[in-house]
Amino acid sequence: MITFITALYEEAKSIINTYKMKKRLDETFFQYFASSEAELIITGSGYSNAYKAVTRHFSLREPSIDDIVINVGICGASSDYSVGELYYINRINDCVFDRTYYPDLLYKSSFRQTAVSSFNKVVTNTDEVSGLVDMEAGAIYDALSAYFSPDRVFFFKVVSDITSANTDFSRVDIDGLVSSNLEAIVDFAMPISDFLCGYNSNVIVFEGVEEELISSLQEALSMTQSMKDLFSRLLKYRKLNSQDIVGVLTNYKNLTIDLISKSDKKKVFNELKNDLLSFDMPSRVETTSYYPILNSGFTNVYVEEGIDLEGLEFPLDLSKRNIIRIDQYKDIFNRSKQNIELQKLTQALILTTNKGKFVYEGAKVCQSFGNKHFYYCSTIMNCVFNCDYCFLGGMYPSGFITVYANLDNAFEEIEEILKLHSVYLCITYDSDLLAFENLLGYVKRFIDFTNKHENLVIEIRSKFGNSKLIEKFEPSDRVIFAWTFSPDSIAQIAEKKASPLNARINALKKAQELGYKTRVCIDPIIYSYDWENEYKNMIDSIFDVVDKDKVLDASIGVFRISAEYLKALRKRKPNSPTVNYPFVIENNVAHYGGTSKLMVNTIKSKLEEYIDTDKIYVWDGTSEN
């Protein structure tokens with residue numbers, strides 16, 4: 001359903017006719033029209049009327065998963081614009097309450113973009129503001145933000161007058177201005193509603209006979225609430241992996257539960273748990289048939305005020321991007337109700353400067369590889385790969401990539417620490433810098449910096465498998481290239497956007513040939529029913545290609561994440577099998593419980609066929625070894 005919002009009836013006439021809408025007499029607060037395909041609110045002119053009407057409407061009608069809202073209206077403009085021009089609004093300056101809003105621009109379009117400033121009065125003096133002006137956009141966005149994520153609201157403005165020209169509005173053909181642009185707006189909007197319906201509808205639920213069997217077994221096995229919660233998580237995990245649950249549950253339905261003891265019930269419950277986890281991982285390819293309507297990556301670049309684009313050393317050609325100036329990065333990155341997973345399908349770039357620290361001491365859940373002075377440096381927030389298990393998905397409120405453009409300040413901070421002692425520095429802790437190299441060039445700059453400081457060693461860890469890219473760097477014996485490896489059967493589920501296994505293997509081989517120190521990282525290990533064979537075969541595949549004698553060391557770690565981040569990940573990725581496994585929570589860290597040690601020990605034993613034991617660093621879910 002599309003909800004159109006206009007301030008005036010003249011702005012609404014062509015929309016009402018296009019969708020064959022009828023006036024609804026059950027709404028008397030404002031004019032309301034509807035059809036089977038769309039609805040329209042006429043708020044009345046002015047900031048206050050707009051806010052009240054929108055708030056009233058959506059407080060009485062809760063939006064559905066495929067609903068989008070489009071504000072269409074006329075606006076005044078400074079002399080830089082022309083009457084009749086249509087603009088897609090990328091920034092709303094609310095001049096009534098001194099706030100700024102940014103609708104997400106996730107979908108492909110050829111519309112001209114600009115900002116609009118909203119006032120609570122008619123602006124007649126062009127000196128007050130440059131650009132577009134109206135009296136409703138700020139109020140409409142503010143009211144909609146309580147009900148919609150910023151990717152589902154769209155603002156289109158048609159220039160009706162030049163603010164300094166003392167326009168006689170009785171002579172302005174408002175209906176004509178809107179109707180001449182309506183077809184383009186509708187052609188843009190209709191596929192979005194269809195897309196959202198398909199994108200949001202694939203939610204795992206239990207229905208019919210499944211619910212009956214679940215209820216029956218809960219009662220028969222006298223499940224406590226904690227057992228019910230675990231049972232539900234197991235069922236969801238199995239169903240998310242495209243496995244039948246009815247067959248397993250039916251096998252237990254006919255047990256004469258009333259004749260067995262409490263201990264027998266517990267034994268049966270444990271057997272049921274094992275059966276629910278017993279299956280081969282399915283092949284899964286993400287459906288992308290409706291993704292072409294989304295922008296390609298980094299179409300939109302948000303640039304914080306004060307950043308000189310011409311002074312940046314990025315390989316990325318910013319002249320070919322939509323540049324949107326923002327007051328500060330938090331205005332975009334920290335917005336509420338963002339659709340993070342959808343943003344990650346069409347990521348925008350946010351350029352800011354770090355006014356605080358760049359360098360931090362390494363976290364306890366990360367291996368230090370025996371280095372006394374272990375640090376990490378954060379230059380990017382978020383990652384292009386969006387792996388299902390990544391802690392970043394549970395930590396950040398946005399799916400967009402935020403880049404600190406003042407990298408030289410990071411180098412200055414590192415140099416201050418180097419005056420005190422040597423440093424082992426991970427530069428890819430918060431993102432995969434190698435995957436961004438063709439955009440930012442940060443890896444090359446870090447390698448060049450490292451070559452100038454003899455007491456600095458850096459690790460560059462990646463899932464990016466571009467072998468030729470590594471040839472562009474100046475070799476250094478104080479740079480460790482590390483690749484994270486997962487079996488293809490796991491990667492196609494949990495690491496869909498990362499490079500395939502063979503590409504990562506070849507990239508590590510190329511780094512060896514160029515003289516770099518290399519590290520093999522099997523971290524995180526992701527559970528599957530046949531995990532042992534999958535990971536053993538993968539390890540053989542790695543060392544069939546790379547030179548084991550040139551591998552500096554190896555890292556092993558099971559999947560682990562803070563309980564808080566796991567909760568956020570499950571909310572944001574409700575259909576991810578990876579994060580919906582029934583994990584054990586221990587010391588506020590989620591992992592596979594006793595299975596964690598088994599997985600680590602098994603994979604360590606396999607690695608010992610190629611690498612000395614003292615070169616293998618492990619994290620089994622409880623402590624670093």
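F481 touches L434, I447, I460, I470, F473, A511, Y516, K517, T518 and R519, where contact means heavy atoms within 4.5 Å and residues up to four places away in sequence are not counted. The model is predicted: local features need pLDDT of at least 70, side-chain atom pairs count only at pLDDT 80 or more, and totals for chains, interfaces and linings use all residues. Residues are numbered from 1 along each chain as its sequence is written, and side-chain values use heavy atoms, without hydrogens and water.

**Nonpolar cores**
- In the largest nonpolar core, of 171 residues, L425 and F481 touch the most other members.
- A nonpolar core is a set of buried Ala, Val, Leu, Ile, Met, Phe, Trp, Tyr and Cys residues joined through side-chain atoms within 4.5 Å; buried means under 20% relative accessible area (1.4 Å probe, protein chains only).

**Helices α7 and α8**
- The axes of α7 (residues 246-253) and α8 (residues 262-276) come within 10 Å and cross at roughly 160 degrees.
- Axes are lines fitted to C-alpha atoms over the stretch in contact, with angles from 0 to 180 degrees between N-to-C directions; helices are DSSP runs (H or I, at least four residues), and strands are E runs of at least two, numbered from the N terminus.
- V248, L249 and Y252 in α7 meet V268, E271, L272, D275 and L276 in α8.

**Backbone details**
- A cis peptide bond, with omega about 10 degrees, joins D523 and P524; P524 is in strand β21 (residues 517-525).
- F298, not a glycine, has a positive phi of about 65 degrees and is buried, at 7% relative accessible area.

Conventions. Buried < 20%, exposed > 50% of the residue type's maximum accessible area, 1.4 Å probe, protein only.
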